[in-house]
Amino acid sequence: MYHIISNPISGRKKTTNKKVLEIYKYLNDHGINYCLYETKYFEHPLAIAKEITEKYESGNIIVIGGDGTFNEVLNGIKDLSKWNIGLIPSGSGNDFAKAINLPIKDLIGCLKIILNNNLKQVDYIKVNDKICVNVLGTGIDVEVLLNFEKHKKLKGSFRYLYSLIESLIHIKWHEFDVSIDDKEFEHKKGFIITLCNGSNIGGGIPICPNANPMDQKLEFVYVRQVKKRKIPRYLFYLLKGKILTLKEVEHIYCQKAVFKSDRNLTIQIDGNITDNSNIYTCELVSKGLNMYL
């Protein structure tokens, strides 16, 4: 049996549209046993996943939603090693779905991938007591997401780009200390810092173009403080997937990163903002997810 957790307002629109209804029709027509759970509020996907995995020891979970919904479901699963996960992307960005090469415009195609029962092992990041599958970060990334929430009438990558430009106009530098792979802490001051398992943010902006969730490594990307007149050039390079070629950008392959500050540090984890700690220990969990791909 498949437990389907579906977010009907993923992507700021009702996803109980024809394409999603076709998924249920396909399952019904082919006599495939499933149980549908529709989410109704923030962190409801987490609560549903927790309830399912406390009731059943193992099984299959399909997520219909975006990056945020997928992240919440993973964080609600009691023991990830005992569950097989399928993703049918229907969010506004679907960055992780792109990173694992799902056909994001073909929902039935995504369903058929799951039903073909071809499992692969995918990496994730353990961030204190949370799970991150795509990208976590602090600095301007957080400012962008706060602006992102204000512009709900805009869609997809344009909404993220608009929020990014707004953040750059009112830019402020962020300071924190970072340790990579248990080396000495270094003080950083800049406007972008990310730890990447996946390659894209904001609905397709390639912050780390070659990052691969199945290569057993993370990629640390840090953009130093620069003169404000250089920011439009940096924005251009970011959108073109060439940000890593600039000399003011630090790019390191790693297995672990620790971020800390003298006050609570606000970070985003797969697009969800958290600010409940002044130190975040981020470690690669190699091949930690069993996914249908």
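**Entry 1: Ile-88 and the cores**

I looked up the neighbours of Ile-88 and found that Ile-88 touches Ile-23, Ile-62, Val-63, Ile-64, Gly-65, Leu-107, Cys-110, Leu-111 and Ile-114, with residues up to four places away in sequence not counted. Contact here means heavy atoms within 4.5 Å.

I note that the model is predicted, that local features need pLDDT of at least 70 and side-chain atom pairs pLDDT 80 or more, and that totals for chains, interfaces and linings use all residues. Residues are numbered from 1 along each chain as its sequence is written, and side-chain values use heavy atoms, with hydrogens and water left out.

I then looked for nonpolar cores (sets of buried Ala, Val, Leu, Ile, Met, Phe, Trp, Tyr and Cys residues joined through side-chain atoms within 4.5 Å). I took buried as under 20% relative accessible area, exposed as over 50% and partly exposed as in between, with a 1.4 Å probe and protein chains only. The largest nonpolar core has 41 residues, and those with the most contacts inside it are Ile-23, Phe-70, Leu-74, Ile-77, Ile-88 and Met-291. Helix H5 (residues 107–115) gives the most to this core, with 5 residues. Another core, of 26 residues, lies apart from it and has Ile-171, Cys-196, Ala-211 and Tyr-234 among its members.

**Entry 2: Helix H5**

I read helices (H or I, at least four residues) and strands (E, at least two) as DSSP runs, numbered from the N terminus. In H5, I found Leu-107, Ile-108, Gly-109, Cys-110, Leu-111 and Ile-114 buried. The buried residues of H5 pack against strand S1 (2–6), helix H1 (18–29), strand S3 (59–65), strand S4 (83–89) and strand S15 (279–292). After H5 comes Asn-117, with a positive phi near 65°.

**Entry 3: Strand S10**

I checked how enclosed strand S10 (residues 218–224) is: 6 of its 7 residues are buried, so S10 is largely enclosed by the rest of the structure. Strands count as paired if DSSP finds at least two bridges between them. S10 pairs with strand S9 (residues 186–196) in the antiparallel sense over 6 bridges, and Val-221 in S10 stands opposite Thr-194. S10 also pairs with strand S11 (residues 249–254), in the antiparallel sense over 6 bridges. There, Tyr-222 has Glu-250 of S11 as its bridge partner.

**Entry 4: Cysteines**

I searched for disulfides (pairs of cysteine sulfur atoms within 2.5 Å) and the structure holds 0. Cys-282 is in no disulfide, and the nearest cysteine sulfur, that of Cys-132, is 8.1 Å away. Cys-282 is buried, with a relative accessible area of 0%, whereas Cys-35 is partly exposed at 28%.
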